[in-house]
Amino acid sequence: MTSIPTSTSTPSAPASAPPTSPPPTVYTQGHSASVLASHLSRTVENSASFLLPHLKPGFTVVDLGCGPGTITRGFCAHVPGGKVIGIDASAEVIERARSLLSASAEMEQDATLNSANEDATLKSANQDPASLEFLVADVTARLPFPDASVDVVYTHQTLLHIPAAERVVQEAYRILRPEGMLAMREALAITFLPANAGTLAYAEGLDKAVRDTGASGFQAGRTLHLWALRAGFDRAKMQVGAGASCYAGPGGDAKWWADLHAERLDGDVGARWRDSGVVDDQRAIEDMKAGLAAWGGCDDAWASVMQGEVICWK
């Protein structure tokens, strides 16, 4: 990949310190089993491939809004000898991330003990995976790191839910070392093909539910570079692009994807949408579920979540 040229211009000064009381963040999807299932499917390969070529041994990586930590854990192999920290505001989610980390460590230990070919003497210090920890913290508040102390700040499907998204970008600028990277991957659209009335209404509901909280929703994916500019990053030192997640049938994961979203409508998400006025009544929920089921049952089912992907060098 072509390196980002060093700018000869003087970047604008970072925005002034954000207010001490940011608007509250409401995660409209909640943390049900169906939401967790989709989060657990995320990896560094399918959710951070645009960043991986730029990672180096010894880097400190901070993952903001890390959820159950599957992407966070994946960073460790790419920054050997470094440090990876996952942060989420939900204590329940962080406990889940820690539990998954413990289970993963036990499995790896068992595999090592059972492998006759394992030769621990072949390991060197620079091959050791990065250290990993998970913290409960509000990413819209002052982050628990000194100025200019980390190499990479990463967000995925996080800023779109936060009314004070620019505050988070400002904090990332503060804690990054010179030449450190802010990497952001946020949704800008979801498309179901062949579309039907139910899938169209569901896609609109996803965006409306988030925007009604004061957050940017699907506007986030195409606004990331502007937030970064206002935080003090130089446009000449940005890589602005896009990526996508895809779900297709038959025999693929289209039905799985449809069933997960229908389960959300049957649970907390559907109840919240009714109570908050995202939908008029239960009939609207049932129509969305029927549309998702019909789509998931099509041989030619295809869906995509388009993502804005931006890397900013400080």
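Are Phe75 and Tyr154 buried or exposed? Both residues are buried, where buried means under 20% relative accessible area, exposed over 50% and partly exposed in between, with a 1.4 Å probe and protein chains only. The points below place this pair in its setting.

1. Basis of the note. This is a predicted model, in which local features need pLDDT of at least 70, side-chain atom pairs count only at pLDDT 80 or more, and totals for chains, interfaces and linings use all residues. Residues are numbered from 1 along each chain as its sequence is written, and side-chain values use heavy atoms, with hydrogens and water left out.

2. Overall composition. The protein contains ten helices and seven strands; these are DSSP runs numbered from the N terminus, helices being H or I with at least four residues and strands E with at least two. Of its 314 residues, 47% count as buried. Its accessible surface is about 14,600 Å², and carbon and sulfur atoms contribute 54% of that; the areas come from the Shrake-Rupley method with a 1.4 Å probe, and for residues only the protein chains shown count as cover. Among contacts with a separation of 6 or more, 82% are between residues 24 or more positions apart, a contact being heavy atoms within 4.5 Å.

3. Aromatic pairs. Rings of Phe, Tyr and Trp (its six-membered ring) pair if their centres lie within 6.5 Å; planes under 30 degrees apart count as stacked, over 60 as edge-to-face and the rest as tilted. By this rule there are seven aromatic pairs. In the pair of Phe75 and Tyr154, the ring centres are 5.1 Å apart and the planes stand at 80°, so the arrangement is edge-to-face. Phe75 belongs to helix H3 (residues 70-75) and Tyr154 to strand E4 (residues 150-156), so the pair ties together parts that are 79 residues apart in sequence.

4. Tyr202 is in helix H6 (residues 197-211) and Trp273 in helix H9 (residues 268-276), so the pair ties together parts that are 71 residues apart in sequence. Tyr202 and Trp273 are both buried. Elsewhere, Tyr247, Trp256 and Trp257 are linked into a cluster by ring pairs.

5. A charge over a ring. Lys314 lies over the face of Tyr173, at 4.7 Å from the ring centre. The criterion is that NZ of Lys or CZ of Arg is within 6 Å of the ring centre and within 35 degrees of the ring normal.

6. Helix H7. Leu224, Trp227, Ala228 and Ala231 are buried in helix H7 (residues 224-231). Viewed down the axis of H7, the buried residues fall within an arc of 100°, so they line one face of the helix; the arc is that of the directions from the helix axis to the C-beta atoms. These buried residues pack against helix H5 (165-175) and strands E5 (176-193), E6 (238-248) and E7 (302-313). Just after H7, Gly232 has a positive phi of about 120°.

7. Ala220 is found in the loop between H6 and H7, and at 0% relative accessibility Ala220 counts as buried. Leaving aside residues up to four places away in sequence, Ala220 touches Leu160, Glu186, Ala187 and Trp227.

8. Salt bridges. The structure holds 14 salt bridges, each defined as a side-chain nitrogen of Lys or Arg within 4 Å of a carboxyl oxygen of Asp or Glu. One of them joins Glu133 and Lys83 (3.4 Å, N to O). Glu133 lies in strand E3 (residues 131-136) and Lys83 in strand E2 (residues 83-88), so the pair ties together parts that are 50 residues apart in sequence. Glu133 counts as partly exposed at 30% relative accessibility, and Lys83 likewise at 35%.

9. Buried charged pairs. Arg174 and Glu171 meet in a salt bridge (2.9 Å, N to O), and both are buried. They are three residues apart in helix H5, separated by about one helical turn. Arg142, Asp147, Glu171 and Arg174 are linked in a network of salt bridges. Glu309 forms a salt bridge with Arg185, with the closest N and O atoms 2.7 Å apart. This pair links distant parts of the chain, Glu309 being in strand E7 and Arg185 in strand E5, 124 residues apart. Glu309 is buried, with a relative accessible area of 11%, and Arg185 counts as buried at 2% relative accessibility.
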